[in-house]
Amino acid sequence: MSEASGLGSGTGTPPLAAGSSAEGEPGWTAAVRRRLDGRLPLEEVLPTRQPAFVGSWVYVFGVVTIAALVWVLVSGTVLAFMGSAWWHTSDLGHFFNSIHFWSVQMFFIFMVLHLWGQYWGAGWRDGRAKTWMVGVVLFLVSIVTAFTGYLIQQNFDSQWIAVNAKDAINATGLGGFFNVLNFGQMYGIHVMLFPIALTLLVVLHIVQVRSRGVVRPIGDPYVPDTGESASTGASQ
Amino acid sequence: MNGRRPKIDKTDYYRGIRMTPYDLIKEISIATVGILVAVLILSAVLSSPDIPSATIQAWAKSDPVDFVTTAASELAGQTTTAQYGPPYTTGSGSVQSIGPIEPQVWAGVHVAVNAPLDFVLQPLSQATVGDQTLASALTTFNNASAAQQQKWLATYNQALGSAKLVDNEVSVPSGDYGPVPVLMSRLLTLARSGGLDALLLTSEHFYQTDFSKPLLFLSDGGYFPGLAQAQDLTGSQWGMMNETGRYPGQAWLWLFTLWYQVPPIGSASNADLLVVVVMTVLSLGLLLVPFIPGLRDVPRWIPVHKLIWRQHYRSMTK
(Lines give C-alpha, C1' and ligand atoms only; values in the text may rest on other atoms or scores of the structure.)
Protein backbone atom coordinates (compact mmCIF):
# COMPACT_ATOMS: atom_id res chain seq x y z
CA MET A 1 0.00 0.00 0.00
CA SER A 2 1.38 3.31 -0.96
CA GLU A 3 1.80 6.33 1.20
CA ALA A 4 -0.77 9.07 0.82
CA SER A 5 0.74 10.56 -2.26
CA GLY A 6 -1.04 13.58 -3.59
CA LEU A 7 -2.52 14.49 -0.22
CA GLY A 8 0.03 17.18 0.45
CA SER A 9 1.03 18.19 3.93
CA GLY A 10 -2.37 19.16 5.27
CA THR A 11 -1.80 18.92 8.99
CA GLY A 12 -3.60 20.67 11.80
CA THR A 13 -1.03 23.46 11.99
CA PRO A 14 1.56 22.65 9.39
CA PRO A 15 4.70 24.66 8.80
CA LEU A 16 4.52 27.35 6.17
CA ALA A 17 5.29 26.05 2.74
CA ALA A 18 8.78 26.93 1.62
CA GLY A 19 8.82 29.81 -0.79
CA SER A 20 5.50 31.25 0.30
CA SER A 21 5.51 34.94 -0.46
CA ALA A 22 3.81 35.63 2.88
CA GLU A 23 6.53 33.95 4.87
CA GLY A 24 7.97 36.26 7.45
CA GLU A 25 5.82 39.17 6.36
CA PRO A 26 3.99 41.09 9.06
CA GLY A 27 0.31 42.03 9.10
CA TRP A 28 -3.14 40.46 9.26
CA THR A 29 -3.32 39.76 5.54
CA ALA A 30 -0.06 37.84 5.60
CA ALA A 31 -1.26 35.92 8.66
CA VAL A 32 -4.51 34.92 6.93
CA ARG A 33 -2.58 33.96 3.81
CA ARG A 34 -0.15 31.85 5.78
CA ARG A 35 -3.03 30.12 7.49
CA LEU A 36 -4.86 29.43 4.23
CA ASP A 37 -1.65 28.28 2.56
CA GLY A 38 -1.05 25.82 5.36
CA ARG A 39 -4.54 24.57 6.02
CA LEU A 40 -6.07 24.55 2.59
CA PRO A 41 -3.66 24.24 -0.31
CA LEU A 42 -5.23 23.71 -3.74
CA GLU A 43 -4.34 20.04 -3.73
CA GLU A 44 -6.60 19.64 -0.69
CA VAL A 45 -9.46 21.65 -2.20
CA LEU A 46 -9.34 19.70 -5.45
CA PRO A 47 -7.80 16.32 -4.59
CA THR A 48 -6.92 13.85 -7.31
CA ARG A 49 -6.37 10.95 -4.95
CA GLN A 50 -8.43 9.76 -2.01
CA PRO A 51 -8.38 6.79 0.35
CA ALA A 52 -9.87 3.76 -1.37
CA PHE A 53 -12.65 3.46 1.23
CA VAL A 54 -14.13 6.72 -0.11
CA GLY A 55 -15.45 4.53 -2.91
CA SER A 56 -18.35 3.57 -0.61
CA TRP A 57 -21.82 4.74 -1.68
CA VAL A 58 -22.23 6.67 1.56
CA TYR A 59 -19.84 9.37 0.34
CA VAL A 60 -22.09 10.16 -2.61
CA PHE A 61 -24.85 11.65 -0.47
CA GLY A 62 -22.95 14.79 0.50
CA VAL A 63 -22.03 15.60 -3.08
CA VAL A 64 -25.58 14.96 -4.30
CA THR A 65 -26.94 17.20 -1.53
CA ILE A 66 -24.78 20.03 -2.82
CA ALA A 67 -25.91 19.27 -6.38
CA ALA A 68 -29.54 19.57 -5.28
CA LEU A 69 -28.75 22.81 -3.47
CA VAL A 70 -27.35 24.20 -6.72
CA TRP A 71 -30.72 23.73 -8.41
CA VAL A 72 -32.59 25.03 -5.37
CA LEU A 73 -30.57 28.23 -5.63
CA VAL A 74 -30.83 28.49 -9.42
CA SER A 75 -34.61 27.94 -9.51
CA GLY A 76 -35.06 30.18 -6.47
CA THR A 77 -33.10 32.95 -8.16
CA VAL A 78 -35.35 32.75 -11.23
CA LEU A 79 -38.49 32.79 -9.05
CA ALA A 80 -37.19 35.77 -7.07
CA PHE A 81 -36.22 37.64 -10.22
CA MET A 82 -39.64 37.18 -11.81
CA GLY A 83 -41.58 38.24 -8.73
CA SER A 84 -43.41 36.39 -5.99
CA ALA A 85 -46.73 36.02 -7.88
CA TRP A 86 -45.24 34.93 -11.23
CA TRP A 87 -45.54 31.20 -10.66
CA HIS A 88 -49.29 31.47 -9.97
CA THR A 89 -50.05 33.12 -13.30
CA SER A 90 -47.58 31.55 -15.74
CA ASP A 91 -47.09 27.95 -16.83
CA LEU A 92 -43.37 28.56 -17.12
CA GLY A 93 -43.40 30.09 -13.66
CA HIS A 94 -45.23 27.08 -12.27
CA PHE A 95 -42.64 24.81 -13.90
CA PHE A 96 -39.84 26.72 -12.22
CA ASN A 97 -41.71 26.45 -8.94
CA SER A 98 -41.91 22.70 -9.51
CA ILE A 99 -38.14 22.61 -10.09
CA HIS A 100 -37.66 24.53 -6.86
CA PHE A 101 -40.10 22.23 -5.01
CA TRP A 102 -38.52 18.97 -6.16
CA SER A 103 -34.97 20.27 -5.75
CA VAL A 104 -35.78 21.05 -2.13
CA GLN A 105 -37.22 17.56 -1.65
CA MET A 106 -34.06 16.04 -3.18
CA PHE A 107 -31.87 18.32 -1.06
CA PHE A 108 -33.49 17.11 2.14
CA ILE A 109 -33.60 13.44 1.17
CA PHE A 110 -29.88 13.36 0.42
CA MET A 111 -28.94 15.62 3.32
CA VAL A 112 -30.70 13.27 5.75
CA LEU A 113 -29.01 10.26 4.11
CA HIS A 114 -25.67 12.08 4.40
CA LEU A 115 -26.38 12.84 8.06
CA TRP A 116 -27.25 9.23 8.84
CA GLY A 117 -24.22 8.04 6.89
CA GLN A 118 -21.97 10.29 8.93
CA TYR A 119 -23.64 9.22 12.16
CA TRP A 120 -23.22 5.50 11.54
CA GLY A 121 -19.65 6.10 10.40
CA ALA A 122 -19.02 8.31 13.46
CA GLY A 123 -17.69 10.99 11.16
CA TRP A 124 -16.77 13.27 14.06
CA ARG A 125 -13.78 11.18 15.13
CA ASP A 126 -10.16 12.31 15.03
CA GLY A 127 -10.75 16.02 15.37
CA ARG A 128 -13.82 16.33 13.18
CA ALA A 129 -16.39 17.32 15.85
CA LYS A 130 -16.65 20.87 14.48
CA THR A 131 -17.34 19.48 11.02
CA TRP A 132 -20.21 17.43 12.44
CA MET A 133 -21.53 20.43 14.37
CA VAL A 134 -21.49 22.74 11.36
CA GLY A 135 -23.31 20.02 9.43
CA VAL A 136 -26.01 19.83 12.11
CA VAL A 137 -26.36 23.62 12.11
CA LEU A 138 -26.68 23.42 8.32
CA PHE A 139 -29.46 20.87 8.71
CA LEU A 140 -31.33 23.05 11.21
CA VAL A 141 -30.87 26.23 9.15
CA SER A 142 -32.11 24.32 6.10
CA ILE A 143 -35.28 23.38 7.95
CA VAL A 144 -35.97 27.00 8.87
CA THR A 145 -35.15 28.10 5.32
CA ALA A 146 -37.57 25.59 3.85
CA PHE A 147 -40.17 26.60 6.42
CA THR A 148 -39.97 30.25 5.35
CA GLY A 149 -40.25 29.08 1.77
CA TYR A 150 -43.50 27.29 2.52
CA LEU A 151 -44.74 30.50 4.17
CA ILE A 152 -44.22 32.62 1.06
CA GLN A 153 -45.92 30.40 -1.49
CA GLN A 154 -48.90 32.78 -1.49
CA ASN A 155 -51.45 29.98 -1.55
CA PHE A 156 -53.66 28.08 0.87
CA ASP A 157 -50.81 25.94 2.13
CA SER A 158 -48.78 28.97 3.17
CA GLN A 159 -51.82 30.53 4.87
CA TRP A 160 -52.51 27.39 6.88
CA ILE A 161 -48.88 26.81 7.83
CA ALA A 162 -48.55 30.43 8.96
CA VAL A 163 -51.70 30.39 11.07
CA ASN A 164 -50.69 27.16 12.82
CA ALA A 165 -46.98 27.83 13.18
CA LYS A 166 -47.58 31.19 14.81
CA ASP A 167 -48.68 29.57 18.08
CA ALA A 168 -45.42 27.67 18.56
CA ILE A 169 -43.31 30.71 17.70
CA ASN A 170 -45.44 33.03 19.82
CA ALA A 171 -45.08 30.62 22.76
CA THR A 172 -41.31 31.14 22.66
CA GLY A 173 -41.73 34.90 22.77
CA LEU A 174 -40.27 35.32 19.28
CA GLY A 175 -43.58 35.83 17.47
CA GLY A 176 -43.36 39.60 17.55
CA PHE A 177 -39.93 39.55 15.93
CA PHE A 178 -40.32 36.57 13.60
CA ASN A 179 -43.92 37.10 12.50
CA VAL A 180 -44.87 34.24 10.22
CA LEU A 181 -48.06 36.08 9.21
CA ASN A 182 -45.99 38.89 7.74
CA PHE A 183 -45.32 37.93 4.12
CA GLY A 184 -42.82 40.73 3.52
CA GLN A 185 -40.70 39.73 6.49
CA MET A 186 -40.69 36.04 5.57
CA TYR A 187 -39.99 36.81 1.90
CA GLY A 188 -36.90 38.86 2.70
CA ILE A 189 -35.64 36.25 5.11
CA HIS A 190 -36.21 33.40 2.67
CA VAL A 191 -34.73 34.88 -0.49
CA MET A 192 -31.87 36.80 1.09
CA LEU A 193 -30.75 36.05 4.64
CA PHE A 194 -31.11 32.30 4.82
CA PRO A 195 -29.69 31.50 1.36
CA ILE A 196 -26.61 33.56 2.21
CA ALA A 197 -26.28 31.87 5.61
CA LEU A 198 -26.83 28.45 4.05
CA THR A 199 -24.27 29.02 1.30
CA LEU A 200 -21.64 30.30 3.74
CA LEU A 201 -22.22 27.33 6.03
CA VAL A 202 -21.95 24.90 3.10
CA VAL A 203 -18.66 26.50 2.06
CA LEU A 204 -17.39 26.28 5.64
CA HIS A 205 -18.51 22.64 5.86
CA ILE A 206 -16.74 21.75 2.61
CA VAL A 207 -13.57 23.54 3.73
CA GLN A 208 -13.69 21.59 7.00
CA VAL A 209 -14.12 18.29 5.16
CA ARG A 210 -11.40 19.04 2.63
CA SER A 211 -8.88 20.41 5.13
CA ARG A 212 -9.11 17.42 7.45
CA GLY A 213 -9.94 14.71 4.94
CA VAL A 214 -12.45 11.94 5.51
CA VAL A 215 -12.28 9.98 8.73
CA ARG A 216 -10.79 6.49 8.78
CA PRO A 217 -13.19 3.55 9.01
CA ILE A 218 -14.27 2.41 12.46
CA GLY A 219 -12.10 -0.49 13.55
CA ASP A 220 -9.15 0.63 11.46
CA PRO A 221 -7.93 3.51 13.61
CA TYR A 222 -5.02 5.80 13.06
CA VAL A 223 -1.99 4.56 14.98
CA PRO A 224 0.69 7.18 15.57
CA ASP A 225 4.30 6.34 14.79
CA THR A 226 5.10 6.32 18.50
CA GLY A 227 3.69 2.84 18.74
CA GLU A 228 1.20 3.78 21.44
CA SER A 229 -2.39 2.59 21.12
CA ALA A 230 -4.62 4.68 18.93
CA SER A 231 -6.78 7.34 20.46
CA THR A 232 -9.30 7.20 17.65
CA GLY A 233 -10.72 3.84 18.39
CA ALA A 234 -10.19 3.67 22.12
CA SER A 235 -12.97 6.04 23.02
CA GLN A 236 -15.53 4.68 20.62
CA MET B 1 -14.70 8.84 20.17
CA ASN B 2 -13.69 12.25 21.32
CA GLY B 3 -14.19 15.35 19.21
CA ARG B 4 -10.79 16.97 19.72
CA ARG B 5 -8.66 17.46 16.67
CA PRO B 6 -5.27 15.90 17.11
CA LYS B 7 -2.40 17.46 15.26
CA ILE B 8 -1.91 14.67 12.73
CA ASP B 9 -0.24 15.00 9.37
CA LYS B 10 -2.72 13.78 6.79
CA THR B 11 -0.08 11.65 5.05
CA ASP B 12 0.58 10.01 8.38
CA TYR B 13 -3.14 9.81 9.17
CA TYR B 14 -3.85 7.68 6.09
CA ARG B 15 -0.81 5.49 6.61
CA GLY B 16 -1.69 1.95 5.65
CA ILE B 17 -4.68 3.03 3.59
CA ARG B 18 -4.61 2.39 -0.14
CA MET B 19 -4.98 5.60 -2.13
CA THR B 20 -6.87 5.64 -5.42
CA PRO B 21 -7.39 8.20 -8.18
CA TYR B 22 -10.32 10.49 -7.52
CA ASP B 23 -11.99 13.09 -9.75
CA LEU B 24 -13.95 15.50 -7.58
CA ILE B 25 -15.03 17.84 -10.36
CA LYS B 26 -16.29 14.92 -12.45
CA GLU B 27 -18.25 13.56 -9.48
CA ILE B 28 -19.85 16.94 -8.77
CA SER B 29 -20.67 17.46 -12.44
CA ILE B 30 -22.33 14.06 -12.77
CA ALA B 31 -24.29 14.61 -9.55
CA THR B 32 -25.44 18.07 -10.67
CA VAL B 33 -26.59 16.85 -14.07
CA GLY B 34 -28.19 13.75 -12.54
CA ILE B 35 -30.18 15.78 -10.03
CA LEU B 36 -31.25 18.20 -12.76
CA VAL B 37 -32.55 15.36 -14.90
CA ALA B 38 -34.43 13.85 -11.96
CA VAL B 39 -35.88 17.20 -10.96
CA LEU B 40 -36.94 18.03 -14.52
CA ILE B 41 -38.69 14.68 -14.86
CA LEU B 42 -40.46 15.06 -11.52
CA SER B 43 -41.47 18.63 -12.37
CA ALA B 44 -42.78 17.69 -15.79
CA VAL B 45 -44.67 14.61 -14.62
CA LEU B 46 -45.84 15.58 -11.13
CA SER B 47 -45.75 19.41 -11.23
CA SER B 48 -46.19 21.07 -7.80
CA PRO B 49 -49.15 21.91 -5.57
CA ASP B 50 -50.86 25.29 -5.67
CA ILE B 51 -54.26 25.40 -3.98
CA PRO B 52 -55.48 29.02 -4.24
CA SER B 53 -55.49 31.16 -1.12
CA ALA B 54 -58.58 31.36 1.03
CA THR B 55 -60.11 34.82 0.98
CA ILE B 56 -62.54 36.60 3.26
CA GLN B 57 -64.64 37.20 0.16
CA ALA B 58 -64.91 33.48 -0.55
CA TRP B 59 -65.67 32.84 3.12
CA ALA B 60 -68.48 35.42 3.16
CA LYS B 61 -69.96 34.01 -0.02
CA SER B 62 -69.78 30.32 0.82
CA ASP B 63 -70.59 30.40 4.53
CA PRO B 64 -72.18 33.76 5.46
CA VAL B 65 -73.56 32.51 8.78
CA ASP B 66 -70.09 31.44 9.93
CA PHE B 67 -68.69 34.74 8.72
CA VAL B 68 -71.27 36.83 10.60
CA THR B 69 -70.96 34.68 13.72
CA THR B 70 -67.19 35.18 13.71
CA ALA B 71 -67.48 38.92 13.02
CA ALA B 72 -69.99 39.39 15.84
CA SER B 73 -67.68 37.48 18.18
CA GLU B 74 -64.77 39.69 17.09
CA LEU B 75 -66.89 42.73 17.91
CA ALA B 76 -67.66 41.26 21.31
CA GLY B 77 -63.99 40.53 21.88
CA GLN B 78 -64.65 36.84 22.35
CA THR B 79 -62.60 35.19 19.61
CA THR B 80 -59.26 33.45 19.95
CA THR B 81 -57.46 36.43 18.44
CA ALA B 82 -59.31 38.97 20.59
CA GLN B 83 -58.24 37.17 23.74
CA TYR B 84 -54.92 35.77 22.46
CA GLY B 85 -52.33 37.63 24.49
CA PRO B 86 -48.83 38.60 23.32
CA PRO B 87 -47.70 39.39 20.71
CA TYR B 88 -51.19 40.53 19.58
CA THR B 89 -53.08 41.63 22.70
CA THR B 90 -52.64 42.09 26.41
CA GLY B 91 -55.00 39.17 27.07
CA SER B 92 -54.01 35.70 28.19
CA GLY B 93 -56.25 33.34 26.21
CA SER B 94 -53.42 31.71 24.24
CA VAL B 95 -50.49 32.44 26.52
CA GLN B 96 -48.33 29.38 27.16
CA SER B 97 -45.89 28.92 29.98
CA ILE B 98 -43.98 26.27 31.88
CA GLY B 99 -44.33 27.16 35.54
CA PRO B 100 -42.89 30.62 36.03
CA ILE B 101 -41.24 30.56 32.60
CA GLU B 102 -43.42 32.78 30.39
CA PRO B 103 -41.39 33.94 27.39
CA GLN B 104 -44.57 34.92 25.55
CA VAL B 105 -45.52 37.35 28.32
CA TRP B 106 -41.96 38.58 28.78
CA ALA B 107 -41.71 39.47 25.09
CA GLY B 108 -44.88 41.59 25.24
CA VAL B 109 -47.18 42.96 22.52
CA HIS B 110 -45.37 43.69 19.23
CA VAL B 111 -48.04 43.04 16.58
CA ALA B 112 -50.93 44.87 18.21
CA VAL B 113 -54.39 43.71 17.15
CA ASN B 114 -57.63 45.24 18.44
CA ALA B 115 -60.15 42.72 17.16
CA PRO B 116 -63.39 44.78 17.47
CA LEU B 117 -61.78 47.85 15.99
CA ASP B 118 -59.47 46.30 13.37
CA PHE B 119 -61.78 43.58 12.08
CA VAL B 120 -65.19 45.27 12.27
CA LEU B 121 -65.54 48.91 13.30
CA GLN B 122 -62.66 50.43 11.36
CA PRO B 123 -63.46 48.71 8.03
CA LEU B 124 -67.13 49.68 8.46
CA SER B 125 -66.25 53.28 9.21
CA GLN B 126 -64.34 53.38 5.92
CA ALA B 127 -67.42 52.06 4.11
CA THR B 128 -69.88 54.66 5.39
CA VAL B 129 -69.49 56.93 2.38
CA GLY B 130 -72.99 57.25 0.88
CA ASP B 131 -74.48 54.87 3.43
CA GLN B 132 -76.33 56.91 6.02
CA THR B 133 -77.92 53.84 7.61
CA LEU B 134 -74.50 52.35 8.32
CA ALA B 135 -73.13 55.67 9.58
CA SER B 136 -76.07 56.00 11.94
CA ALA B 137 -75.73 52.40 13.19
CA LEU B 138 -72.03 52.93 13.83
CA THR B 139 -72.70 56.11 15.74
CA THR B 140 -75.34 54.38 17.85
CA PHE B 141 -73.02 51.50 18.61
CA ASN B 142 -70.00 53.66 19.40
CA ASN B 143 -72.01 56.00 21.64
CA ALA B 144 -73.55 53.15 23.64
CA SER B 145 -72.00 52.07 26.92
CA ALA B 146 -69.74 49.03 26.92
CA ALA B 147 -72.37 47.18 28.94
CA GLN B 148 -75.06 48.00 26.39
CA GLN B 149 -72.81 46.95 23.50
CA GLN B 150 -72.10 43.62 25.18
CA LYS B 151 -75.79 43.10 25.90
CA TRP B 152 -76.72 43.62 22.24
CA LEU B 153 -73.88 41.37 21.09
CA ALA B 154 -74.61 38.62 23.61
CA THR B 155 -78.26 38.51 22.54
CA TYR B 156 -77.32 38.62 18.87
CA ASN B 157 -74.65 35.95 19.19
CA GLN B 158 -77.13 33.70 20.94
CA ALA B 159 -79.66 34.27 18.19
CA LEU B 160 -77.08 33.39 15.54
CA GLY B 161 -77.40 29.82 16.77
CA SER B 162 -80.71 29.64 14.91
CA ALA B 163 -79.71 31.92 12.04
CA LYS B 164 -80.98 31.22 8.55
CA LEU B 165 -80.09 32.49 5.15
CA VAL B 166 -83.05 34.45 3.75
CA ASP B 167 -82.66 36.25 0.43
CA ASN B 168 -78.92 35.75 0.75
CA GLU B 169 -78.92 37.62 4.06
CA VAL B 170 -78.27 36.19 7.51
CA SER B 171 -81.58 36.29 9.34
CA VAL B 172 -82.07 35.82 13.08
CA PRO B 173 -85.27 35.74 15.17
CA SER B 174 -86.51 39.14 16.32
CA GLY B 175 -84.83 40.58 19.39
CA ASP B 176 -83.17 43.59 20.93
CA TYR B 177 -79.88 43.65 19.07
CA GLY B 178 -79.57 47.42 18.70
CA PRO B 179 -77.58 48.39 15.60
CA VAL B 180 -75.68 45.09 15.48
CA PRO B 181 -77.72 43.47 12.64
CA VAL B 182 -77.11 46.51 10.42
CA LEU B 183 -73.40 46.44 11.18
CA MET B 184 -73.17 42.73 10.42
CA SER B 185 -75.23 42.99 7.26
CA ARG B 186 -73.02 45.79 5.92
CA LEU B 187 -69.86 43.92 6.91
CA LEU B 188 -71.12 40.85 5.07
CA THR B 189 -71.82 42.94 1.98
CA LEU B 190 -68.38 44.52 2.24
CA ALA B 191 -66.75 41.10 2.62
CA ARG B 192 -68.65 39.63 -0.33
CA SER B 193 -67.44 42.46 -2.53
CA GLY B 194 -63.82 41.68 -1.63
CA GLY B 195 -63.48 45.04 0.05
CA LEU B 196 -62.82 43.63 3.52
CA ASP B 197 -59.81 41.64 2.24
CA ALA B 198 -58.28 44.93 1.16
CA LEU B 199 -59.38 47.00 4.14
CA LEU B 200 -57.78 44.59 6.62
CA LEU B 201 -54.45 45.23 4.92
CA THR B 202 -54.59 48.99 5.02
CA SER B 203 -52.46 51.04 7.31
CA GLU B 204 -50.73 54.37 7.00
CA HIS B 205 -48.50 52.90 4.28
CA PHE B 206 -49.20 52.52 0.56
CA TYR B 207 -47.30 49.25 0.11
CA GLN B 208 -48.64 46.31 2.07
CA THR B 209 -46.96 43.00 2.80
CA ASP B 210 -48.18 42.20 6.30
CA PHE B 211 -51.13 39.79 6.26
CA SER B 212 -51.35 39.35 10.02
CA LYS B 213 -54.83 40.82 10.42
CA PRO B 214 -56.68 39.06 7.57
CA LEU B 215 -55.04 35.74 8.49
CA LEU B 216 -55.95 36.10 12.15
CA PHE B 217 -59.53 36.99 11.21
CA LEU B 218 -59.76 34.01 8.86
CA SER B 219 -58.40 31.68 11.52
CA ASP B 220 -61.08 32.68 14.02
CA GLY B 221 -63.89 31.29 11.86
CA GLY B 222 -64.94 27.76 11.03
CA TYR B 223 -64.56 28.12 7.25
CA PHE B 224 -60.76 28.23 7.13
CA PRO B 225 -60.10 25.16 9.33
CA GLY B 226 -62.78 23.36 7.34
CA LEU B 227 -60.76 23.85 4.16
CA ALA B 228 -57.68 22.51 5.94
CA GLN B 229 -59.57 19.51 7.25
CA ALA B 230 -60.54 18.63 3.70
CA GLN B 231 -56.86 18.76 2.71
CA ASP B 232 -55.72 16.57 5.66
CA LEU B 233 -53.77 19.46 7.12
CA THR B 234 -55.02 19.71 10.70
CA GLY B 235 -52.83 18.96 13.69
CA SER B 236 -54.43 15.59 14.39
CA GLN B 237 -53.75 14.68 10.76
CA TRP B 238 -49.99 15.35 11.10
CA GLY B 239 -50.80 18.50 9.17
CA MET B 240 -47.55 20.29 9.91
CA MET B 241 -45.62 18.00 7.60
CA ASN B 242 -48.38 17.46 5.05
CA GLU B 243 -48.82 19.28 1.78
CA THR B 244 -52.02 20.06 -0.08
CA GLY B 245 -53.01 17.36 -2.54
CA ARG B 246 -50.92 14.22 -2.75
CA TYR B 247 -47.54 15.91 -2.65
CA PRO B 248 -44.76 15.42 -0.12
CA GLY B 249 -44.67 18.26 2.38
CA GLN B 250 -42.15 19.18 5.03
CA ALA B 251 -41.42 15.56 5.88
CA TRP B 252 -38.35 16.73 7.78
CA LEU B 253 -40.73 18.09 10.44
CA TRP B 254 -41.95 14.59 11.29
CA LEU B 255 -40.34 14.57 14.71
CA PHE B 256 -41.72 18.03 15.52
CA THR B 257 -45.18 16.86 14.49
CA LEU B 258 -44.86 13.55 16.32
CA TRP B 259 -44.94 15.19 19.74
CA TYR B 260 -48.35 16.71 19.03
CA GLN B 261 -49.68 13.17 18.64
CA VAL B 262 -48.33 12.07 22.04
CA PRO B 263 -51.19 12.60 24.54
CA PRO B 264 -49.37 14.05 27.56
CA ILE B 265 -47.74 16.67 25.35
CA GLY B 266 -50.21 17.05 22.51
CA SER B 267 -53.18 17.46 24.81
CA ALA B 268 -51.50 19.96 27.14
CA SER B 269 -52.59 23.59 27.11
CA ASN B 270 -48.97 24.59 26.62
CA ALA B 271 -48.30 21.92 23.99
CA ASP B 272 -46.53 24.29 21.59
CA LEU B 273 -44.04 25.44 24.20
CA LEU B 274 -43.43 21.88 25.41
CA VAL B 275 -42.78 20.67 21.87
CA VAL B 276 -40.39 23.56 21.21
CA VAL B 277 -38.49 22.74 24.40
CA VAL B 278 -38.32 19.03 23.55
CA MET B 279 -37.12 19.76 20.02
CA THR B 280 -34.55 22.27 21.26
CA VAL B 281 -33.13 19.67 23.63
CA LEU B 282 -33.08 17.02 20.89
CA SER B 283 -31.44 19.42 18.44
CA LEU B 284 -28.75 20.24 20.99
CA GLY B 285 -28.30 16.52 21.50
CA LEU B 286 -27.76 16.02 17.77
CA LEU B 287 -25.35 18.94 17.68
CA LEU B 288 -23.32 17.59 20.59
CA VAL B 289 -23.34 13.88 19.62
CA PRO B 290 -19.51 13.77 19.42
CA PHE B 291 -19.35 14.70 23.12
CA ILE B 292 -22.17 12.61 24.56
CA PRO B 293 -21.04 9.21 25.88
CA GLY B 294 -23.36 6.46 24.77
CA LEU B 295 -24.86 8.40 21.90
CA ARG B 296 -21.45 8.68 20.23
CA ASP B 297 -20.79 5.00 20.85
CA VAL B 298 -23.91 3.65 19.13
CA PRO B 299 -22.18 3.49 15.71
CA ARG B 300 -19.62 1.12 17.23
CA TRP B 301 -22.23 -0.99 19.01
CA ILE B 302 -24.55 -1.32 16.01
CA PRO B 303 -22.20 -2.18 13.15
CA VAL B 304 -23.84 -0.35 10.26
CA HIS B 305 -20.30 0.78 9.44
CA LYS B 306 -19.54 -2.77 8.29
CA LEU B 307 -21.95 -2.13 5.42
CA ILE B 308 -20.55 1.33 4.73
CA TRP B 309 -16.92 0.18 4.54
CA ARG B 310 -17.55 -3.41 3.50
CA GLN B 311 -14.89 -3.37 0.77
CA HIS B 312 -12.32 -1.84 3.09
CA TYR B 313 -12.84 -4.48 5.76
CA ARG B 314 -12.57 -7.21 3.13
CA SER B 315 -9.26 -5.79 1.96
CA MET B 316 -8.08 -5.66 5.59
CA THR B 317 -8.91 -9.33 6.01
CA LYS B 318 -6.93 -10.21 2.90
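Predicted model: local features only at pLDDT ≥ 70, side-chain atom pairs only at ≥ 80, totals over all residues.

Colleague: Which residue of E1(B) is the bridge partner of Gln50(A)?

Modeller: Gln50(A) has Thr20(B) as its bridge partner in E1(B). Two strands are said to pair if DSSP finds at least two bridges between them. Residues are numbered from 1 along each chain as its sequence is written, while chains are lettered from A and ligands numbered from 1 in the order in which they are written.

Colleague: How many helices and strands does the secondary structure of each chain come to?

Modeller: Helices (H or I, at least four residues) and strands (E, at least two) are DSSP runs, numbered from the N terminus. Chain A has nine helices and one strand, in the order α-α-β-α-α-α-α-α-α-α along the sequence. Chain B has 18 helices and three strands. The radius of gyration of chain B is 29 Å, well over the 20 Å that the globule rule gives for 318 residues, so chain B is more spread out than a compact globule. That radius is taken over C-alpha atoms, and the rule is 2.2 Å times the number of residues to the power 0.38. The C-alpha trace of chain B spans about 95 × 50 × 40 Å along its principal axes.

Colleague: How many residues of helix H11 of chain B are buried?

Modeller: In helix H11 of chain B (residues 212-220), nine of the nine residues are buried, so the helix is largely enclosed by the rest of the structure. Among them are Lys213(B), Phe217(B) and Asp220(B). The cover over these buried residues includes helix H7 (156-171) of chain A, together with helices H3 (56-62), H4 (64-76), H6, H10 (195-199) and H12 (223-230) of chain B.

Colleague: Is Ser162(B) buried or exposed?

Modeller: Ser162(B) lies in the loop between helix H8 (146-159) and strand E2 (164-166) of chain B. With 9 other C-beta atoms within 10 Å, Ser162(B) is exposed. Two residues are in contact if their C-beta atoms, placed from the backbone, lie within 7 Å. Apart from neighbours within four places in sequence, Ser162(B) is in contact with Val172(B) and Pro173(B). In chain A, Pro221(A) sits in the loop between helix H8 (183-212) and helix H9 (231-234); with 17 C-beta neighbours inside 10 Å, Pro221(A) counts as partly exposed.

Colleague: How many residues does the contact take from chain B and from chain A?

Modeller: The contact takes 86 residues from chain B and 93 from chain A. On the side of chain B, helix H2 (residues 24-46) gives the largest share, 12 residues. For classes, Ala, Val, Leu, Ile, Met, Phe, Trp, Tyr, Cys and Pro count as nonpolar, Asp, Glu, Lys and Arg as charged, and the others, Gly among them, as polar. The side of chain B that touches chain A has 48 nonpolar, 23 polar and 15 charged residues.

Colleague: At roughly what angle do the axes of H7(A) and helix H15 of chain B cross?

Modeller: Axes are lines fitted to C-alpha atoms, for helices over the stretch in contact, and angles run from 0 to 180 degrees between N-to-C directions. The axes of H7(A) and helix H15 of chain B (residues 271-287) come within 8 Å and cross at roughly 70°. H7(A) and H15(B) are therefore roughly perpendicular to each other. Angles under 35 degrees count as roughly parallel, over 145 as roughly antiparallel, 65 to 115 as roughly perpendicular and the rest as oblique. Asp167(A), Ala168(A) and Ala171(A) of H7(A) make the contact with Asp272(B), Leu273(B), Val275(B) and Val276(B) of H15(B).

Terms used: Buried ≥ 20, exposed ≤ 12 C-beta atoms within 10 Å, placed from the backbone.
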